[in-house]
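Visitor: I would like to learn how to read a few features of a protein model. Could you take me through them one at a time?

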Amino acid sequence: MKVFSVLTICCTIVAASPLGNWAALSGNDALELRLIKLGPQEYSIISELEKVSLRRRGKKFMDVTNQISIEEAYTLGLVSRPQTSLWKQMLFSASGAKQIEMMNKPVKEYKYPKKLSYKSLVQDLNDQIDKDSIYENLSQFTSFYTRYYKSKSGAESSDWLYEKVNHLTKPISKDYEVNITRVHHKGWDQTSLIVSIPGNVTDKVVVGAHQDSIHLLLPQLRAPGADDDGSGTVTTLEALRLVVQAISTGQFSPYNTLEFHYYSAEEGGLLGSADVFARYYDSGAVVLSMLQQDMTGYSTGSKNQGIEEHLGLITDYTNVGLNGFLKLVIDTYNDIPYHETECGYACSDHASALENGYPSAFIIESEFKFSNQFIHSSMDTIEKIDFDHVAEHVKLTVGYAIELSGTNILNKSN
Ligand code: BES
Ligand code: ZN
């Protein structure tokens, strides 16, 4: 009881500090219990405060409290109920086994194209990548004190993003019913954003990035998040600009519905994307593919080691078929090669798609070991970003978006 109240006072004092426009991690918030998933079958119940400390120790996890309540987790035997006798635990596990089976959603397999169909269009668009505008967007996006999902400036940065995508899609908003949805989440104010460009069919091709940032020492501190994941955000904004241009000039019209997602609260344990893809699953949405762009701007790590500039193609917890298609896209549209690399369980929002049975992929700035070491601190700043490298991620994203949204991969007749 005493420990609790001391902790509550401490947290409230920190929360009230002038360092930032702070709304969250007040005492009660910090002690709130959350259900986290640390691996395909590994769950644990910890407090919000312990989540941050776990992250500092490099543990990767999804916070699934919004999908499975703590009470359900006990009933399903995902975690053992405190002070429960062994026979009761066994009983819970037995009754939960069937439901756990249902919770593991098998990932759909699709036959992605073995040949590309839009070479001259994609190359033409990629020649028009505007690095100045990417820089300008990142400069504005990193000027928010932090984009921490529970902070006031984190909510304001999502307003900025909303205005931005509205502006970018203006050229096609008369002829196309572009749907821009702000997804409100339970428990924090930063919204996720879904930009949906309808195709002939409602099956979706998704590009994703996360909009939030975090300072892992204290979420109240300055977190520009230039690379993580301001870079992925501005990469996909530029790809959106180019795709919109192709549509508005009559050079392209998507067959599948093409969506650009900007997730909130990735740093809280993939909270925003888990919410988005769980809603898609519940409504029976078909997602043909999801490509995550998270950390696209740092090339110094590999260059310092005398390693060629490259893209990092994540091979663990991603879809083999989709990765094969992306290798073809990179070989065709990029000026640098890919290196295969691993990143661990649930290291970014592609994992939320996969958890809901949707094939996903993740391409990062380099092999994991050469990636940006300054993330999650106030040193993740814009001057460390290589905009030529970001442009390589734009090429890849435009290639992926045009080729997959422009192709009837299920061979459905219109
Ligand atoms: N952008 C990182 C993931 C990352 C970091 C990938 C370094 C490759 C190299 C992401 O924002 C992140 O911090 N993820 C967490 C897990 C998440 C579920 C909280 C991580 O990797 O620790
Ligand atoms: Zn991060």
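**Reading strands and helices**

Guide: Gladly! Keep in mind that this model is predicted.

Visitor: Which strand pairs with β2, and in which sense?

Guide: That partner is β1, residues 33-39, and the two strands run antiparallel, joined over six bridges. They belong to an open sheet of three strands, ordered β2-β1-β3 with antiparallel pairing. At its edges lie β2 (42-47) and β3 (62-63), each of which pairs on one side only.

Visitor: Which helix packs on the sheet, and which strands does that helix touch?

Guide: Look at α3, residues 48-56, which touches β1, β2 and β3. The direction of α3 makes about 120 degrees with that of β2.

Visitor: Let us move on to β6. How many of its residues are buried?

Guide: A residue is called buried when its relative accessible area is under 20%. In β6, residues 204-210, seven of seven residues are buried. You can follow this on both faces: Lys 204, Val 206, Gly 208 and His 210 are buried on one side, and Val 205, Val 207 and Ala 209 on the other.

Visitor: Which residue is the bridge partner of Val 207 in β7, and which in β8?

Guide: In β7 the partner of Val 207 is Phe 260, while in β8 it is Leu 291. Both pairings of β6 are parallel: seven bridges link β6 with β7 (residues 257-263), and five link β6 with β8 (residues 287-292).

Visitor: What is the handedness of the β-α-β unit that β6 and β7 make with a helix?

Guide: The unit is right-handed, and its helix is α9, residues 226-248.

Visitor: And how should I read two packed helices?

Guide: In general, such a pair is described by the angle between the axes and the distance between them. Here, take α6 (residues 119-126) and α14 (residues 387-405): they pack at an angle of about 145 degrees, and their axes are 10 Å apart. Their crossing is right-handed.

Visitor: Which residues meet where α6 and α14 pack?

Guide: From α6 come Lys 119, Leu 121, Val 122, Leu 125 and Asn 126. They meet Val 394, Lys 395, Val 398, Gly 399, Ile 402 and Glu 403 of α14. Sorted by class, this contact has six nonpolar, two polar and three charged residues.

Methods: Residues numbered from 1 in each chain as written. Chains lettered and ligands numbered in written order. Predicted model: local features only at pLDDT ≥ 70, side-chain atom pairs only at ≥ 80, totals over all residues. Heavy atoms only, no water. Buried < 20%, exposed > 50% of the residue type's maximum accessible area, 1.4 Å probe, protein only. Helix = DSSP H or I, 4+ residues; strand = E, 2+ residues; numbered from the N terminus. Pairing = 2+ DSSP bridges. Right-handed = clockwise from strand over helix to strand, strands pointing away. Axes fitted to C-alpha atoms, helices over the stretch in contact; angles between N-to-C directions. Left-handed = near helix turned anticlockwise from the far one by under 90°. Contact = heavy atoms within 4.5 Å. Nonpolar A, V, L, I, M, F, W, Y, C, P; charged D, E, K, R; others polar.
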